[in-house]
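Please find below a colleague's note on the model under review. It is set out as numbered points.

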Amino acid sequence: MTTFSKGLEGVVAAETETSYIDGTAGILEYVGIPIGELASKSTFEETVFLLWNRRLPTKTELASFTSELRSRYELPEGIAGRIKHLPKDAQPMHMLRTMVSALAMHDPSPNDNTVEAARDKSLNILAQAPSIVACFDRHRRGEEFVKPDPSLSFSENFMYMLNAKKPTPAMARAFDICMITHADHGLNNSTFAARVIISTLSDVYSALTGAIGSLRGPLHGGANEGVMRMLNEIDSVDDAEAYVMGKLERKERIMGFGHRVYKAKDPRATELMALAKQLADDTGNTDLYLKSHAIEEIMEREVASKGIYPNVDFYSATTYHCIGLKLDLFTPMFALSRIAGWAGHVIEQLGDNRLFRPTVNYVGPHDAPYVPIDQR
Ligand SMILES: CC(C)(COP(=O)(O)OP(=O)(O)OC[C@H]1O[C@@H](n2cnc3c(N)ncnc32)[C@H](O)[C@@H]1OP(=O)(O)O)[C@@H](O)C(=O)NCCC(=O)NCCS
């Protein structure tokens with residue numbers, strides 16, 4: 001094998017039944033169901049079941065999956081105690097990566113890699129990662145932790161633990177739609193990282209910890225924070241033109257645009273754009289939405305011909321801001337949702353595993369002399 005594709009572009013590295021992307025037509029499906037259908041009709045819990053079992057649940061299955069998830073919201077005492085000792089200025093993604101890794105030490109059989117055990121461990125991580133983020137945010141604000149409420153859904157409970165106040169149904173539904181739309185996306189960088197790690201038969205915690213490390217990069221999930229910073233730098237809608245043109249002239253990237261796979265508008269951006277507009281109007285942030293929309297129009301005019309369109313991160317920034325989340329929690333929100341997809345791929349990988357081990361083209365010298373250190 002001598003073919004080399006920088007960044008593995010176009011390389012097929014696995015088979016999956018979880019999500020399908022047609023980057024030219026702008027289509028995303030989870031197990032065959034279009035993302036728009038799920039965003040408008042499903043819940044995050046049901047979407048997770050779909051990704052982990054590759055089929056929709058019956059009523060009874062969904063009820064039992066949901067109640068199992070809710071019964072695990074509470075953090076082990078050792079994890080809650082550790083959070084209280086973390087530096088208050090720690091970055092939330094570094095904190096989340098570390099604490100998800102720490103969960104392994106509270107699992108009596110962390111290395112059990114049967115498919116059933118992987119589902120069980122994934123459920124733990126899915127239930128506890130939101131509690132970790134909420135507790136850390138309260139710790140850094142000097143507030144008491146809020147006990148989880150198992151009568152609440154995944155999205156409601158996270159917002160309740162974060163704010164000590166139950167969210168309105170509209171806010172909880174908006175958050176749930178964000179969770180659904182970010183849940184899975186083919187062999188993206190962090191999902192690939194998770195599959196690579198589990199393929200050594202390491203453990204689910206290591207696979208998801210590695211994936212969190214990958215996600216935080218500004219070229220991947222970290223872009224949503226970059227979008228918000230950009231929106232904050234643009235004073236008004238009228239300044240958007242000069243700002244974007246200046247960046248393009250300096251060959252700088254506009255965060256929230258472009259994608260390795262999509263050469264059309266990301267269908268998740270279409271869903272989130274509608275949500276961002278609604279929330280911006282409801283929360284008095286119309287200007288933020290209008291700035292985003294103006295940037296999209298300028299980018300459409302300037303770079304759409306190169307296949308550069310808004311991606312999932314572009315309108316999720318406005319959405320998260322309107323939900324009331326702090327900027328440095330945007331990427332952790334992406335992680336909370338993507339745990340669903342990472343785990344789905346880990347479960348799939350374990351079901352038919354083969355070690356990932358590509359090759360590399362060596363382009364250095366051969367037969368080089370070993371020069372003694374005092375002669376170099
Ligand atoms: C996502 C991303 C990393 C994909 O990168 P990629 O497939 O490796 O594409 P490349 O980096 O090769 O870029 C191809 C061309 O598009 C341009 N381009 C890509 N994304 C761009 C952006 N956001 N703004 C401006 N130009 C962009 C590049 O400058 C390059 O132009 P050139 O051919 O004239 O040099 C890239 O689009 C990007 O950096 N986007 C911003 C970060 C982001 O939003 N990430 C979240 C992804 S969900």
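The points below cover the basis of the model, the chain, a helix pair and the ligand shell.

1. This is a predicted model, in which local features need pLDDT of at least 70 and side-chain atom pairs count only at pLDDT 80 or more, while totals for chains, interfaces and linings use all residues. Residues are numbered from 1 along each chain as its sequence is written.

2. The chain holds 16 helices and three strands (DSSP runs, H or I of at least four residues for helices and E of at least two for strands, numbered from the N terminus). Its radius of gyration is 22 Å, close to the 21 Å from the globule rule for 376 residues, so the chain is as compact as a globular protein of that length (taken over C-alpha atoms; the rule is 2.2 Å times the number of residues to the power 0.38).

3. Helix α14 (residues 286-303) and helix α15 (residues 312-323) pack at about 175°, their axes 10 Å apart (axes are lines fitted to C-alpha atoms over the stretch in contact, and angles run from 0 to 180 degrees between N-to-C directions). The two helices are therefore roughly antiparallel (an angle over 145 degrees). Leu-288, Tyr-289 and Ser-292 of α14 meet Phe-314, Tyr-315, Thr-318 and His-321 of α15 (contact: C-beta atoms, placed from the backbone, within 7 Å).

4. Around the ligand are 17 residues, of which Ala-223, Arg-253, Phe-257, Gly-258 and Arg-260 come nearest (a residue is near if its C-beta atom, placed from the backbone, lies within 6 Å).

Methods:
Parallel < 35°, antiparallel > 145°, perpendicular 65-115°, else oblique. Contact = placed C-beta atoms within 7 Å.
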